[in-house]
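Work through the following exercises with the sequence and the 3D structure at hand. Each task sentence is followed by a stepwise solution.

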Amino acid sequence: MRTFPQPDGSLRIEQPNEQTIYDMGNRRLFVTFNGQGDVVRMLLPEGHHLGTWRLQLLIDGASLKFEQALAMGRLWQLRGEQAGVSVEITAFLEENSAIVLEQCIASNRTRQPHRLIVRIDLDFALPATLPQRIQATLARHIPCLPGLRYRLGQGWAKLLLPSSPDQVKVHPRGWIEARGGITVCWGATHVPQQVIRQGRRVFLQYPIDLPPERQIEMTWGLGAGGPEAHAAALARRAEALAEAQTYAQWLSTRLETGDRWLRSMFVAGLNTAIAMFKEFPGGFAGLLAGPDYAYPPRLYFRDSYWTAQVLLPFRPDLVRRHLLSLARGVHPNGQCPSGVFAPHLSLVRLGGLDWLPDHYDAPALFVLLLADYLQATGDWEILEEHIPMPISPGKPADGDIHSRTLWHTAQAALHYLISRDQDGDGLIEKPHAANDWADNVRRSMWVTYDQALYAAALQAASRIAAQRKEDDWAALYQTKAAAAIRGMNTQLWDPDKGYYVDYKREGFVEDHFAIDTLVSVLYHLTDPAQTRSILAAARQLQTRYNNQQPYGDWGVMNVFPLYRNKRDLFGKSALPYCYHNGADWPYWDGVYGLILLREGDPDWRYVLTRWWEYGLEQGWLTPVEYYSPAHPRGGMLQGWSSMPAAVLFKMNANHRFP
């Protein structure tokens, strides 16, 4: 399998196979396809597994193998030919539909008749091992036992598996309806010749005669809703396909560049960010992190900050709705969790909205996202929107809830961080816990990344307050920001190494170079000499310049050397070159690349694009969460990995893009 970026930003894949994976999403669904026309995963954001299908096409009894695929936005096309018959499969999504459709066009180019047989293996069961089923059963009871839940920590929710339909019914003309937590339906424009049901699996066979020099179209689909909804979706399939094609054309024309590698990376990034926006019952809506982080559904503070960057120029309306939903997770005292559960989940009635409590980067990123939104839109009215206060553990959803404005919510988040500077030296003291983006590393007490975000958020809040004529707040935040920068330079700057250390506490300093310290440069907290020194040190993260790491030229490491205090590491980060401990994270490549572009450094292209080139070499067709040659990759269609696309547009719009 080989992948080739096209001039319009699409990806052409030669010799696709079952391992060729393409993820797409809209407001209602995440869907994963493979190179054989199968759907291997289909999720509603509410937390339901809808089912899968396997496709087999036979022409005159011989299996057809697809020779080429094309991927772009909400379109996935497969093409093959056999015995003079060409077949094109096009899978597509509308923006607001909970149904995925797949169109098959078979063209008989010969003067002989042929027969196409379409075989579908439809499976409504959620694949699960026995231990997973046991864990799922336990997880369903844990929310009802608050004491046990809090002893286990927030990680209990990871044990939950999406529900799947369990009552399968075959209707006349071959409609298949499955009921459980929701209703799921399969339908097609043709009537199956054969239907065999085995539990939650249904085998369908559709024979299609192909007259000489004729073309036949057949479309099928799977999704939420009953037969009536699916019949309507099939009836308007031409309009739905046209919408997906129009969306692809829109993606293709958002960036001015003749470079197909840059255009394909931009198209993939912008599409990924848009695919993260999901709507939930009750009006809650926002940016998820990715398909692998969709259940239980939650909005992350940090992932969404970077995901939103490419949306602000194109879809600020989505960012607005996200901000208002995310704000519901800010506690009365301003403390913020890592993420916010969708409130429709029954588990929040007992446990509140928190997904992993008290993360030290979340309050700052919330303030910064608000500031970025205001700068992009001038929508100052959003500051007066009223936000319901978070649900307290043990209280019902309609209990003692009051509200505050979005601006006061942002101030509460910022004041919580101010309160973390307990000795007044300008430095926030972080506990020995994995409660920021590096959530497999226990960093303390002073962490450059968290400190720089804190200083940047203070500056941003000062600008907002000044615009609102709140001079006292503006002055206070500016004074606090200056103290925060002084504290960072006093305790975390290493003059011998010429950069900010990763973190420091009494008796220990992790003094390797960490890519997340670049936020100090991103937000203009450094002077010109510091910036030059930091960027010189950062070059060791580029694997092409670093022969001390053993894997050759594969991207940009997030730290080097690797962490040396193993007691601070756990989970995947305990492994060398894995996760936070030396992997490539494309969103950090975006931050690094933006700084290099601003500074006119020619290394920008490698930093901004090597992850994309490397990923396409591996057959990864959407932005990956993280990777390294030593370990399995992270999730695909990952929201914050759209950050490099934001950088391309930002620099092009400023006429500083080569």
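**Exercise 1. Which residues line the second largest cavity, and how do they divide by type?**

Step 1. The lining consists of Gly25, Asn26, Arg27, Arg74, Glu95, Ile274, Ala275, Phe277 and Leu318. A cavity is a set of points on a 1 Å grid over the protein atoms alone where a 1.4 Å probe fits but cannot get out, and lining residues have an atom within 4 Å of a point.

Step 2. These residues divide into four nonpolar, two polar and three charged. Ala, Val, Leu, Ile, Met, Phe, Trp, Tyr, Cys and Pro count as nonpolar, Asp, Glu, Lys and Arg as charged, and the others, Gly among them, as polar.

Step 3. The space in this cavity is about 40 Å³. A volume is the space filled by probe spheres set on the points, with grid points joined across faces, edges and corners.

The model is predicted: local features need pLDDT of at least 70, side-chain atom pairs count only at pLDDT 80 or more, and totals for chains, interfaces and linings use all residues. Residues are numbered from 1 along each chain as its sequence is written, and side-chain values use heavy atoms, with hydrogens and water left out.

**Exercise 2. Describe the largest cavity and state which element gives the largest share of its lining.**

Step 1. The whole structure has four cavities of 30 Å³ or more, and the largest cavity holds about 80 Å³ of space.

Step 2. Its lining has 13 residues, of which Tyr22, Met72, Gly73, Ala268 and Leu621 are the closest to the centre.

Step 3. Two or more lining residues come from each of strand 9 (68-72) and helix 5 (260-275). Helices (H or I, at least four residues) and strands (E, at least two) are DSSP runs, numbered from the N terminus.

Step 4. Helix 5 gives the largest share, four residues. By type, the lining of the largest cavity has eight nonpolar, five polar and no charged residues.

**Exercise 3. At what angle do helix 6 and helix 17 pack, and which residues meet?**

Step 1. Helix 6 (residues 301-311) and helix 17 (residues 643-653) pack at about 35 degrees, with axes 8 Å apart. Axes are lines fitted to C-alpha atoms, for helices over the stretch in contact, and angles run from 0 to 180 degrees between N-to-C directions.

Step 2. Trp306, Gln309 and Val310 in helix 6 meet Met643, Ala645 and Ala646 in helix 17. The residues of this contact divide into five nonpolar, one polar and no charged.

Note on methods. Contact means heavy atoms within 4.5 Å. On a 1 Å grid over the protein atoms alone, a cavity is a set of points where a 1.4 Å probe fits but cannot get out, and a pocket is an open set with protein on both sides within 12 Å along at least five of seven lines; lining residues have an atom within 4 Å of a point.
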